[in-house]
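Have it open as you read.

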Amino acid sequence: MNQTPQIAQDLLKNPPQELQQLLNDPRTPDSARKAVQELQAPFVGPGTAGNKDGAKESPRLQIVNENQEFTKELSPYLAKWDLLDKGFAYDVVAVFGSQSTGKSTLLNRLFGTTFDVMDESKRQQTTKGIWMCPSQYSNTLVMDVEGTDGRERGEDQDFERKSALFSLASTEVLIVNLWEHQIGLYNGANMGLLKTVFEVNLGLFGGGGDNTKPKPQEKTLILFVIRDHVGATPMSNLTATLTQDMERIWDSLSKPAHLEDAVLSSYFDLSFAALPHKVLMPEKFEEAVLELRQRFTDRSREDYVFQPAYHKRIPADGVSFYMEGIWQQVLTNKDLDLPTQQELLAQFRCDEISTVVFEAFLASAKIVRRPVEAGSVVEGLGALMRDWLETALGKFDRDASRYHSAVYQRKRLDLLASLHASLSPLFLGQLKNLHKIETAKFSKDIVAGVKEPGYDFGVVVEEGKRRARERFLAGAKEVKVEETDWEYEHELALLDEDLKLIADKCRADETKKMVNAIERNVKRQILEPVEVAMSQPTKTMWDTVLKTYSDVIEAAEEAYLSKAKSYNCSDEENSTALASLRARAWLALRRKLEEQTSDSTVLTTLRTKFEDSFRYDEAGVPRVWRPEDDIEAAFRKAKDETLGLLPLFANIAPTEGSLLPELPPPEPSFDVESDPSPFDPSTAFTLLTATKLLSLESRFKRDADAAYVEAKRSMVSSVAQIPVWMYGVLVVLGWNEAMAVLFNPLYFAMLLVLAASGYIILQLGLAGPILQIASTVIREIRQMVVKKLREAFADVPEAQRILAQPVTASSSDEQERKGDLIKGEMLEK
């Protein structure tokens, strides 16, 4: 089976690299290229043959169609051609010339483009509108403009003028394609078209000889490509002829008054090139094409055509918007103001770039926005914000600085203001978080400082404030971005206020602690001397108590004022604290005096004083009452002396009136209504009322009488002794029992055990402790018995009266009878 047709179809559908290189080679004849395109059309579609990448669509694009409509696909095609991100690193060239003069063929040979070429068998218009295609050899956009003098448009010169105006405003180099034999002819040499170009240029760039108008900032290169040059006429003659024709056309233009002196070289540079006959000298033609191409690609050549002065300074990513704006202005027959168009383009592109940059900036800032809003301090936030700003502005500068300078600068300021406005909440949030954290650290520093031994509160506070302010200022300066009107002084002032409030609160707490400590010290210094003085009442008791109170208060006030200096307390605070200290000290004294003048304490003090006088002699030796002693006199003396001390407890009455203290005002927290006596002048110095004194006197007298009865009984028991003959009776009557013990083994053993125990006790020195324990037990039993007897005899006045009478030997029977009577009465009760 013959597979050749299938193989051919596969080769045409997916052409190999060698075929692509052959099709892209400028030396390949157009007829061969067209034949391959026609064969590929059924398989790969129109316009892809000869493309440098057969997988892509046709690289050429009709930017203005025959209906004078501008395409919407220019930007996508620029991206497809890898030119959209080239910035200023691209060039634009356009070709002018009469219809069917080989313009498209010239461009295809020079730049490797794929513009359609004329079918020589039909001799009709091939290029309609304006087409664009990228060069295969450099970053150059090539525009193929519809030819002039075409029969399809006839005498309609409107599109010719519009395309000239559009090309002049968009391109750097205008290639004028003409035949050698047409030089010197007006129509054949496109002189009418060139006149149109000059007129359009005057409309676009005014200024010329008028110093009040801006000088021309842009020039355009007109490159004359002379076709079919066979060398009969020297190139210098052709160049001179064309130059003279250009000068003549320029001079013939109707110029405004301020452009009368304008010269052609202020707006245009002229350059020339010649190509041999394509058919008669194909090899020389190709060599000349290669040489001419070098002028478009080799920047080191002196005759390099794309000089910086010709560039329109439109970034590649703004070409689509710019050209569309130019065409719309041309189409509506409005005066084309290129600077305005450039500003519009700059505004459009700068806004686009700014939007992209701002969105990326917000995405970067989002990572720290939540922690700041949550109250955290982000370390290095200022560096992050500056880095974000630098990145955003760098991207904006890189992409937007290529546009109109004034618009770029204005949009940059707008973008910077937006970026700063976006960062301002982060700045304020960081300041508030710093404020919050520093106040917390300040409180902790004070708490830690006051725990140090020998601390100075003022130094602790000032040091804490200094550290808090330094940390806040360091954080605030770090987060502040340059070239902003942000300020942190207001937040610093708020921080100072909060630190002062915290310091004042801590000072109040420390002052309160200090007053409490001084109060406890005052109580220790007052209470013991007061207790000692009132346990031994004398007429000068109150002098001692009040003198001690005065000295302690004075020392406490001095201690407070000494410590208060380091607290920076105000005079008002010192006055309040001292008043509170005086009130507490007086209240402590008053409470102690009330305790010392309670019923039980007073009775104990009186009983102790009475017993010291009644039971002990002047030498402090305990008394043993004998019948010859005057117990009644001693009892009356001790009783009267003790009752004389009782009025001393009733009122605080020093012998010197100057010792009586001035009553301090009570603290606000003291409940005066429930207990007004300590601070009421009428009751503050009264401890015992008259009724209380009578009650205490009565109770003391009962206690004294009981002591008298006890003393009387001890004296009676000492008089009633056992007779001597009773001991003999006991020996006689107990002789048998003693013998029984001695001769009974059990009793004798028990006796030996007792004797051995006594011996051991004596040897170990335990006799004293055992006797002490025994005496203590006996004394406790005795006291219990005495107490019971006192309670029993307290309600029997008759028994007291009888017991108080002296007992004589002559009246023993009568006393026995009376004793039985008393016993009977007690039993009845």
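The points below cover a helix, an annotated region, aromatic pairs and charges over rings.

1. A word on the ground rules. This is a predicted model, where local features need pLDDT of at least 70 and side-chain atom pairs count only at pLDDT 80 or more, while totals for chains, interfaces and linings use all residues. Residues are numbered from 1 along each chain as its sequence is written, and side-chain values use heavy atoms, with hydrogens and water left out.

2. Take helix α6 (residues 158–170); helices here are DSSP runs of H or I, at least four residues, and strands are runs of E, at least two, numbered from the N terminus. The expected span is 1.5 Å times one less than the number of residues.

3. How much of α6 is buried? 11 of its 13 residues are, taking buried as under 20% relative accessible area (exposed is over 50%, partly exposed in between; 1.4 Å probe, protein chains only). Among them are F159, L165, F166 and L168, but also E160 and K162.

4. UniProt puts a "coiled-coil region" at residues 487–525; its positions are given in the numbering used here, feature names are shortened, and annotations may be inferred rather than shown by experiment. In the model that stretch is 95% helix and 0% strand, with its end C-alpha atoms 58 Å apart.

5. On to aromatics: the whole structure has 18 aromatic pairs. Rings of Phe, Tyr and Trp (its six-membered ring) pair if their centres lie within 6.5 Å; planes under 30 degrees apart are stacked, over 60 edge-to-face, the rest tilted. F396 and Y408 are stacked, at 5.9 Å centre to centre and 20° between the planes. F396 sits in α12 (residues 381–400) and Y408 in α13 (residues 405–449), 12 residues apart. Both F396 and Y408 are buried.

6. F614 and F635 are edge-to-face instead, with 5.9 Å between centres and 80° between planes. F614 belongs to α18 (residues 599–614) and F635 to α19 (residues 631–645), so the pair ties together parts 21 residues apart in sequence. F614 is buried at 1% relative accessible area, and F635 is buried at 10%. Ring pairs also join F614 and F635 with F610, F700 and Y708 in a cluster.

7. Finally, charges over rings, meaning NZ of Lys or CZ of Arg within 6 Å of the ring centre and within 35 degrees of the ring normal. K80 lies over the face of Y77, 4.4 Å from the ring centre. R293 lies over the face of Y137, at 4.1 Å from the ring centre.
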